[in-house]
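Hi,

Here is the structure I promised to pass on. Have a look at it first, and my notes follow below.

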Amino acid sequence: MEREMQAYQCTQCGELHHPLHYVCRKCGGRDFKEVPLRGEAALLTWTKVYNLPEGYMRPSLGFCIVEFENGLRVAGQLEVDRPIFGMKVRAVVDVVREGVGEDYYGFIFKPAQE
Amino acid sequence: MREVGIVGVGHPPFGKYEGSLMAMLCEAAVAALDDAGLKTGAGHGVDQVLVSSMGASQVNRQTGVASALVDTLNLRPAMAETVENGPASGASAVKLGYMAIVSGMCDVVLVVGGERMRVLSGWEATDFVATMLHPEAEYAYGLTLPSFAGMFTRLIMAKYGVTERDLAMVSVKNHQNAMFNPAAHIQLVPDLEAITEDEDALTINPYVAEPLHLYDTCPVSDGAAAVVLCALDVKERFAKRPVKIAGIGQATDTHVVAEREVPTDLFAVRRAAERAYAMAGLGPQDIDVAELHDAFTILEIVEAEEVGFFPRGEGHLAVRRGETRIGGRIPINTSGGLKAKGHPLGATGVSQIIELVRQLRGEADGRQVKDAQAGLAVNFGGFGNNVVATILTREEE
């Protein structure tokens with residue numbers, strides 16, 4: 001089954017959140033509904049990190065913050081050779097951290113046209 | 001309102017500590033008690049002990065650290081709590097000590113900050129520090145504090161024209177200052193050209209989190225630092241003239257860094273400083289010396305703007321003009337900063353405050369800022385999601 005990431009929409013005012021908050025940042029509401037968070041996003045900033053934390057058996061990893069078309073900003077991993085400010089990237093959901101018995105899935109941003 | 005001062009400081013050298021966490025904390029505590037002229041044993045006069053540590057439970061597998069310290073030092077039956085606010089634990093503990101005295105519950109509070117991190121490998125330390133990030137939206141991705149600092153730096157560079165050389169200049173300045181601080185972990189000064197322009201610069205000074213290099217990031221250090229706080233109405237009990245805690249401000253920001261409205265701002269730094277200035281009745285123009293939380297060189301530049309020393313986007317120009325050096329308009333990180341003095345998380349906020357006390361007492365030796373009357377410290381928790389600003393002033397006889 002294909003994995004999907006979710007945004008959390010306040011049922012009172014419609015404000016989108018990711019990750020889930022207990023109280024809406026805009027209206028103070030407490031009820032949220034899940035809305036799929038996917039598609040293209042604009043690259044806001046990025047880095048390539050060489051000193052990775054425990055559990056990553058590789059020399060470096062790209063990270064980024066992007067803005068989805070719905071305005072939500074999220075952080076994720078970046079797999080783009082030549083990043084440029086504002087470039088379109090595509091959200092893919094895959095394993096971002098391997099765990100014992102349970103891998104963690106999250107956003108990996110890749111070039112929009114492939 | 002009751003006024004509070006600092007009457008004792010203890011700051012053994014940061015670096016690699018061979019003994020236990022408790023021994024390290026006690027060494028700093030006893031030095032602070034001695035400096036204050038307090039005796040140990042019966043009649044010690046300490047009402048409350050606060051220990052700041054981010055990782056004692058995770059890294060050293062010890063909880064109830066403050067209770068253990070009180071007994072090890074035989075300060076019983078003083079009240080005791082351990083304070084955890086990430087890398088801002090130290091300034092938070094001083095704030096809580098201040099509140100305890102102002103409330104009237106205590107006259108004398110001993111604050112001891114410490115972290116014994118060198119038992120970890122580099123990647124274990126990075127992982128441990130990253131546990132303060134959002135568990136699902138950040139930590140799970142392998143994101144770390146250097147990752148966010150790198151992404152932040154890229155934005156600041158694009159918006160304001162800050163260069164990698166500007167950042168290296170901050171690093172070299174702080175290493176130069178540390179040469180005059182016997183408690184600093186790193187006692188060497190990198191050559192600016194060697195770490196920026198020379199052919200093998202990337203070998204000596206590799207990227208850690210692009211565009212940040214090794215010399216833009218603080219080392220992993222063991223260390224402890226302690227202060228004795230007292231109500232100014234009981235200052236006669238002590239050997240040294242107190243340095244006054246004139247203002248404290250604290251503010252929080254979004255836990256998830258990507259949710260910040262303006263990604264190039266450090267809102268909590270600005271707000272914490274505003275609150276501290278308002279309480280002290282002072283402004284940025286009144287500050288003579290500052291300790292800013294340079295876990296990454298970029299933070300020193302942007303914090304200096306957020307606390308009002310320079311207009312936004314011009315902090316790096318002040319670095320180029322030498323305004324933040326000792327002898328410049330507003331010397332920053334005379335202690336060597338986190339960059340060169342070291343960053344034992346729970347000790348850092350206390351250590352920054354100790355540097356200000358030394359400057360305001362005129363005890364800073366080769367790094368003394370002439371006639372310093374007021375100092376500001378910024379202790380930065382998370383990636384700026386919980387920040388404490390403290391203003392100290394010199395009290396006349």
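How many bridges join strand β4 (residues 40-49) of chain A to strand β7 (residues 88-97) of chain A? Three, with the two strands running antiparallel. Strands here are DSSP runs of E with at least two residues, helices are runs of H or I with at least four, and both are numbered from the N terminus. Two strands pair if DSSP finds at least two bridges between them.

Before the rest, some housekeeping. This is a predicted model, where local features need pLDDT of at least 70 and side-chain atom pairs count only at pLDDT 80 or more, while totals for chains, interfaces and linings use all residues. Residues are numbered from 1 along each chain as its sequence is written, and chains are lettered from A and ligands numbered from 1 in the order in which they are written.

Back to chain A. Chain A has eight strands and zero helices, and its C-alpha trace spans about 45 × 35 × 30 Å along the principal axes. Of its 114 residues, 27% count as buried (20 or more other C-beta atoms within 10 Å of a residue's own, with C-beta atoms placed from the backbone).

Now chain B. Helices α1(B) (residues 21-36) and α3(B) (residues 65-72) have axes that come within 10 Å and cross at roughly 60° (axes are lines fitted to C-alpha atoms over the stretch in contact, and angles run from 0 to 180 degrees between N-to-C directions). That makes α1(B) oblique to α3(B), oblique being whatever is left after under 35 degrees (roughly parallel), over 145 (roughly antiparallel) and 65 to 115 (roughly perpendicular). M22(B), L25(B), C26(B) and A29(B) of α1(B) meet A68(B), L69(B) and T72(B) of α3(B).

Finally, the contact between the chains: 27 residues come from chain A and 32 from chain B, where contact means C-beta atoms, placed from the backbone, within 7 Å. On chain B's side, α5 (122-130), α6 (145-160) and β5 (207-209) each supply at least two residues, and α6(B) gives the largest share, seven residues.

Cheers

Technical notes: Contact = placed C-beta atoms within 7 Å. Buried ≥ 20, exposed ≤ 12 C-beta atoms within 10 Å, placed from the backbone.
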